[in-house]
Amino acid sequence: MAKILRIYPENPQENLINEVIKTLNNGGLIIYPSDTIYALGCNIFDIKAMEKLAQLKKVKLEKAQFSIICNDLSHLSDFTRPIDTSVFRFLKSHLPGPFTFILEANKSLPLAYKGHKTIGIRVPDHSIPQLIVEKLGHPIASTSIRDDDEIIEYSTDPELIAEKYDHLVDIVIDSGYGDNVASTIVDLTSGEPEIIRQGKGIL
C-alpha cells in the first residue's frame, strides 16, 4: 500500500522529505506535486525503478520519454550537450516555471536513457520537487499522471490519485489539489524555441 504523506509547499517538514529521499534511494516510486500537475517520479539512476515507471506507463523503457526534474540549471551539463549562451539565458529567464525544454542529450546519460538523442528538462516552480532533488543530490525521472476521464485529462485530487495507485507506488505526497494543465513543451534543439505542446507556460 502506498503511504500518503501530507507535505505542503509553504512549510515542508524535513522528516517527511527525508522519508521520500529514503524511498527513492531504495528504488521506490513516488507521486509528487508540481507547479502544473501531479506526477510520478523515481530515482533516475535506479534502472529497476525506471523499469517499474515504464511498466506503469505501459511503454518499453527504451522508448519512454521521461522528463528529468532538476532543482536548478546546475545539472544541465550532466545530461545535455554544451548549449549556447543565448539558449542558457532563455532557459534561465523561464525557469523555474511550467515548461519542459527539449535539449540535445550528451553521451553520459543515466543507463535508462542510453541512446536518447534528446532529453526533456524541467525545473518546477514548486518547493517540494525542488527540495526532493536538492536533498537527493541529483535529478529524478518524471512522467505526468493522466486521468482515465475523457474530459478531464489530468488527475487533480491527491486522494483519488492515491486510491488509483495504492498498490503501484510507495509514496503519494498530498499537497492539496493540483492543476489540470500540463507544462508547455518547448523544443530548443535547433537553438530557436519551437512549441511542441502548449500548456500552462506562456513564452
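Guide: In this predicted model, two residues are said to be in contact when heavy atoms of theirs lie within 4.5 Å. With that rule in hand, what covers the buried residues of helix 1 can be named: strand 1 (3-6), strand 2 (30-32), strand 3 (39-43), helix 5 (127-136), strand 7 (140-144) and strand 8 (171-174) are included.

Visitor: Which residues of helix 1 are buried?

Guide: Buried means under 20% relative accessible area, and in helix 1 this is the case for L16, I17, V20, I21, T23 and L24. They cover an arc of only 160° around the axis, and therefore lie on the same side of helix 1.

Visitor: Which exposed residues does the face turned away from the buried side of helix 1 carry?

Guide: That face carries E14, N15 and K22. Exposed requires a relative accessible area over 50%.

Visitor: How do you know that the span of helix 1 agrees with its number of residues?

Guide: Helix 1 has twelve residues, 14-25, and at 1.5 Å a residue it should span 16 Å. The expected span takes one less than the number of residues. After helix 1 comes G27, with a positive phi near 85°.

Visitor: Why is T80 called buried?

Guide: The relative accessible area of T80 is 5%, and the cut-off for buried is under 20%; T80 is therefore buried. T80 sits in the loop between helix 3 (76-79) and helix 4 (85-94). Neighbours within four places in sequence aside, T80 is in contact with L103, E104, A105, N106, I119 and I121.

Visitor: What is the volume of the largest pocket, and which residues are closest to its centre?

Guide: The largest pocket has a volume of about 480 Å³. It is lined by 25 residues, of which Q65, S67, S144, I185 and R197 are closest to the centre. By class, the lining of this pocket has nine nonpolar, twelve polar and four charged residues.

Visitor: Which strand gives the most to the lining of the largest pocket?

Guide: Strand 6 does, with four residues. Strand 4 (67-69), strand 5 (99-104), strand 6 (118-122) and strand 7 each supply at least two residues of that lining.

Methods. Residues are numbered from 1 along each chain as its sequence is written. This is a predicted model: local features need pLDDT of at least 70, side-chain atom pairs count only at pLDDT 80 or more; totals for chains, interfaces and linings use all residues. Side-chain values use heavy atoms; hydrogens and water are left out. Buried means under 20% relative accessible area, exposed over 50%, partly exposed in between (1.4 Å probe, protein chains only). The arc is that of the directions from the helix axis to the C-beta atoms. On a 1 Å grid over the protein atoms alone, a cavity is a set of points where a 1.4 Å probe fits but cannot get out, and a pocket is an open set with protein on both sides within 12 Å along at least five of seven lines; lining residues have an atom within 4 Å of a point. Grid points are joined across faces, edges and corners, and a volume is the space filled by probe spheres set on the points. Ala, Val, Leu, Ile, Met, Phe, Trp, Tyr, Cys and Pro count as nonpolar, Asp, Glu, Lys and Arg as charged, and the others, Gly among them, as polar.
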